[in-house]
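Subject: Structure handover

Hi,

Here is the structure I promised to pass on to you. Please have a look at it first, and then read my notes below.

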Amino acid sequence: ALYWVEAQYIADNDAVAGNGFNNASYRAVNVQATSPFNLSFPGSTIREKSALRVWKVQDPLVEIVNADVPGAIVERFEVARKVTNPSPGIWHFEYAIRNMNSDRAGQSFSVDFPDGTSFSNIGFKDIEHHSGEPYATTDWTNSVDLPTAVISWASDDFATNPNANALRWATQFNFWFDADSQFAGVHRLSLFKPGSPTLVDFAFGDVFADGFESGGTTLWSATVP
């Protein structure tokens, strides 16, 4: 296994000045194999980049986009994805979503596929709050809307539980699943704390989700938002 550690600071005047996206840095770390699991730090610190970015450094197949929430201070979520084809007709999707600086946090994540897509091997991983933190540690619940082929994960909303397991700043959640279609369309991240906008949509390189990109003309009549 490979490990990295990350540090991030928050300063309100820095954010107001438009410099809030360079406040995280990371470096490689070795973990002692036996207790007390001491750490050593080979190499140097990679400044002004979050540890999520090292995934693409290690694996060029990884894609990364920013999901920005507009406002007086732009709030950013970094989203990384890797898609593989482990067997004919099946694609495996891995997502990592990191909250760079959003106080409003993330409450749900969904991906829209062509109608009729089937899903399996659905998973989720978060962080475990501890040491007196008031936040819940309940895993996000996944669901699939079969008519529209939208796969999603969600925590309780703010009105239900202000201390729900939201995707808060400087933390990262992971999502994965298998699908019998490679064409992921609209990705949506809904926000936890009330405000406007309530969500942000984003996309990767899948400009076409109807078979055009791969020459699959039999799919052209499908309705894909």
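With which residue does Glu63 form a salt bridge? The partner is Arg81, and the closest N and O atoms of the two are 2.9 Å apart. By salt bridge I mean a side-chain nitrogen of Lys or Arg within 4 Å of a carboxyl oxygen of Asp or Glu. Glu63 lies in strand S4 (residues 63-69) and Arg81 in strand S5, so this pair ties together parts that are 18 residues apart in sequence. Helices (H or I, at least four residues) and strands (E, at least two) are DSSP runs, numbered from the N terminus. Glu63 counts as partly exposed at 27% relative accessibility, while Arg81 is buried with a relative accessible area of 2%. Here buried stands for under 20% relative accessible area, exposed for over 50%, and partly exposed for what is in between (1.4 Å probe, protein chains only).

Before I go on, a word on the ground rules. This is a predicted model, in which local features need pLDDT of at least 70 and side-chain atom pairs count only at pLDDT 80 or more, whereas totals for chains, interfaces and linings use all residues. Residues are numbered from 1 along each chain as its sequence is written, and side-chain values use heavy atoms, with hydrogens and water left out.

Back to the charged pairs: the structure holds 9 salt bridges. One of them joins Arg53 to Glu78, with the closest N and O atoms 2.9 Å apart. Since Arg53 sits in the loop between S3 and H2 and Glu78 in strand S5 (residues 75-87), the pair ties together parts that are 25 residues apart in sequence. Arg53 counts as partly exposed at 25% relative accessibility, but Glu78 counts as buried at 3%. Glu78 also meets Arg98 in a salt bridge (3.2 Å, N to O). That pair links distant parts of the chain, with Arg98 in strand S6 and Glu78 in strand S5, 20 residues apart. Both Arg98 and Glu78 are buried. Glu6, Arg53, Glu78 and Arg98 are linked in a network of salt bridges.

Next, the largest pocket, which has a volume of about 600 Å³. Among its 20 lining residues, Trp4, Ala51, Leu52, Gln172 and Asn174 are the closest to its centre. Strand S1 (3-8), H2, strand S6 (90-99) and strand S11 (172-179) each give two or more residues to the lining, and S6 gives the most, with 4 residues. For the pocket, a 1 Å grid was laid over the protein atoms alone: a cavity is a set of points where a 1.4 Å probe fits but cannot get out, and a pocket is an open set with protein on both sides within 12 Å along at least five of seven lines; lining residues have an atom within 4 Å of a point. Grid points are joined across faces, edges and corners, and the volume is the space filled by probe spheres set on the points.

S1 and strand S2 (residues 24-31) run antiparallel and are joined by 6 bridges. S2 and S3 also run antiparallel, joined by 2 bridges, and the partner of Val31 in S3 is Leu39. Two strands pair if DSSP finds at least two bridges between them.

Best wishes
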